[in-house]
Each structure stands twice: as C-alpha cells, then as structure tokens.
Amino acid sequence: MSRLDEVRLMTKVARMYYAQSIRQQEITARLGIHQSTVSRLLKKAREANLVRISVATPSGTFPELEDALQAKFKLHEVIVVDCPAEEVAMVRDLGAATAFFLETVMKPGMIVGISSWSRALFAMVEALHPSNSARGGKVVQILGGVGNANTRYQAAQLAQRLADLVGASPVLLQAPGIVGSADARKVLSADPAVQVASDLFDRVDLALVGIGSLEPSKLLASSGNTFSPSEREELRRQGAVGDICFRFFDKDGELIRSPLMHRVIGIEPASLKRTKRIVGVAGGARKVNAILAALRGQWINVLITDKRAAESLLTAEKLSSPTVAESKPRLAQVKRRKR
C-alpha cells in the first residue's frame, strides 16, 4: 500500500468512526479489513493530527483543577464543586456531589464505612436517591457517636439511613466516639455490641469521612463530646492541624502520638489506610490546612471539595515545595556524609 493509499484509507476509517459514529466491528465488515488494522489506522490518524479530539468544559466544572490535584497528590479521583462562599450552602452542595459520586460507585455486596460526624455526610444522605445498589452489603459506622445523647442518636441514624437508601444492612458502633479514659475505651471495645462493628473495619471497601480542623465547628463544640480546650492545646503543641475520625495528624500528615488517642472508639489508623477507597469530604478556607495535611499523609485517596479550597491546596503545596536552589545544599551535605 502506497503512502497516499494508506492516508486515504486512514482518513476514511477516521471519518466513519468519529464523524459517522460507526463501530470498529462494523467498519471491519464494511471495508473487509481486520479489526486490528482499523485500530492501528485510528491510532495513526490521531498521531498524524488527522483527528483532533476536544472536550468542551461546561460552566461550573473544573476538570483541569481536578486533574492537577489528582496528579499532585496521587489520588484515585478528585471532584471539585462550584460552591457558594456561605458555609451552609457549601455543605449542602458538597453533600449533593458526594451523593452523586456514591450512586455511581456503589456495587452489590459492598461494605461501606461512614464516620459519625460530618455535616457534609449528613447532607449527602439527604441528597441520595433510594436504590438497591448495595444489596447484600453493609453500612458500618466507623466512629462512635459524638456529642450528647441526641447527637449520638443522629450519628447512628446517619448509618441507618444510608443503609436503607442503598439497600444494605446497617451495622452500628454502639459506643461514644470519645470516652473519659483509656481503661473505659478498653472495656467498651470488648463489648460484643461494639465488636460486631469493629470486626468489619478491616473489610471496608469504601470509607466516607469528613476532615476536621483542630478547632471544632460550632455545632460539634456545642454537642458536648469533644476534647477540652486544654487537650486541644496539647494537640496543637504537638503540631496537630486536623483529624479524620479523631485521629489527629500534623501538617505533613504524620499521626500525632498522644495518650488522648487511646480514648477514641473507632476505626484504627492502620485499618483506615488499608481501605481501598477513602473518600474525604471537606471544604472552605477553615479546612484547607487540614485537607492539605490529610493529602500529604495519604489519609484519603478520593477528595470532594470546593473550588476555592482546591485552588488554595495547589497554591499551598507549590509554595511549600523546595526549589532546586534550596535542595542543592542538602544534596551536597548527603554526599559529604557518604565520604
């Protein structure tokens, strides 16, 4: 086949496939050529710029920003939402985006873990459409109830409601999220009602978690079951900037080793990190440092956040990265040590 003949056939195949929406199998039948030849010609047409594929970006979507975050932090997926600055509306919109995401990834038999405290997760349940997508699966509460009796009831209802909506069985963690001492935690963790949930922690396929800053939201602070101001000051002195399921970490995402963590009843850090898909839902300027730390520590691998926070995350990470000039002295020091 001459070069001109190949170009002619390449153009014909490309027009049939891209302009006329004819499938490769049908092109093979019509032209009497092998399907491998059709695939090869389509590839060569793209390489020769005979075919140029462009995707229009609708208003309110941010694929470039999502791709940049995904590449920078090695995430499975990023969803950036165009939220209003107002916090109540932002929580609602993040919840709706999380609901849509969940509707697309749920599968029968899945074990879904859900944190007991996140306003965005409450908003997600409100936005979720009823389905049977997780039939035969389970929804397990991965953090004990937080706050007073009424608030703890709401936390249990969150897992119950999610299970009902996706056709799964609820498994509740029937204990407070924070107890008064390590001994109390030990006793409660041994209770059969608690072990029913904790036995599933290592089998969770997808975990839905909020990302907390060191200072609790007004709603969480008023619920009556958070660490005291002096305890939070202790965490701050140790470098804590945020938490997931009351597991606090520093700006680099390193876990804070504090005796306070021995009072938390919920999924252990190692179990959380082994989860296949960990979906972190958080937004707003107040949460940027905590989200950035969670990303650096690989506490999540799916991020759902707002546009302003997403832009701030990229800017902050860029500013914190060492320049070539800054890194050279360190390299020289390493070489000198080796000698």
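Strand β3 (residues 138-141) pairs with β4 in the parallel sense, over 3 bridges. Here strands (E, at least two residues) and helices (H or I, at least four) are DSSP runs, numbered from the N terminus, and two strands pair if DSSP finds at least two bridges between them. The model is a predicted one, so local features need pLDDT of at least 70 and side-chain atom pairs count only at pLDDT 80 or more, while totals for chains, interfaces and linings use all residues. Residues are numbered from 1 along each chain as its sequence is written, and side-chain values use heavy atoms, with hydrogens and water left out.

Zooming out, β3 and β4 belong to an open sheet of 7 strands, with parallel pairing and the order β1-β10-β9-β5-β2-β3-β4. The edges are taken by β1 (77-81) and β4 (169-171), each with a single partner strand, so one side of each has no neighbour in the sheet. From one strand to the next, the twist averages 15°.

Further along this sheet, β5 and β9 run parallel and are joined by 5 bridges; G210 has V281 of β9 as its bridge partner. On to strand β10 (residues 302-306), which pairs with β9 in the parallel sense over 3 bridges, and here V281 turns up again, opposite I304. As for cover, β9 is mostly tucked away, with 4 of its 5 residues buried; buried means under 20% relative accessible area, exposed over 50%, and partly exposed in between (1.4 Å probe, protein chains only).

Helix α6 (residues 119-127) lies across β2 (111-114), β5 (206-210) and β9 (277-281), and runs at about 125° to β5. That angle is taken between N-to-C directions, from 0 to 180 degrees, with axes as lines fitted to C-alpha atoms, for helices over the stretch in contact (heavy atoms within 4.5 Å).

There is also an open sheet of 3 strands, antiparallel this time, in the order β6-β7-β8. Its edge strands, β6 (212-213) and β8 (247-250), each pair on one side only. Strand β7 (residues 240-244) runs antiparallel to β6, and 2 bridges join them, with S213 standing opposite G242.

Out on the surface, Y18, I53 and V55 make up a nonpolar patch with about 330 Å² of accessible area together. Such areas come from the Shrake-Rupley method with a 1.4 Å probe; for residues, only the protein chains shown count as cover. Y18 sits in helix α1 (residues 3-19) and counts as partly exposed because its relative accessibility is 32%. Patches are made of residues with over 30% relative accessible area and no salt bridge, like charges being joined within 9 Å and nonpolar side chains (Val, Leu, Ile, Met, Phe, Trp, Tyr) within 5 Å; a salt bridge is a side-chain nitrogen of Lys or Arg within 4 Å of a carboxyl oxygen of Asp or Glu.
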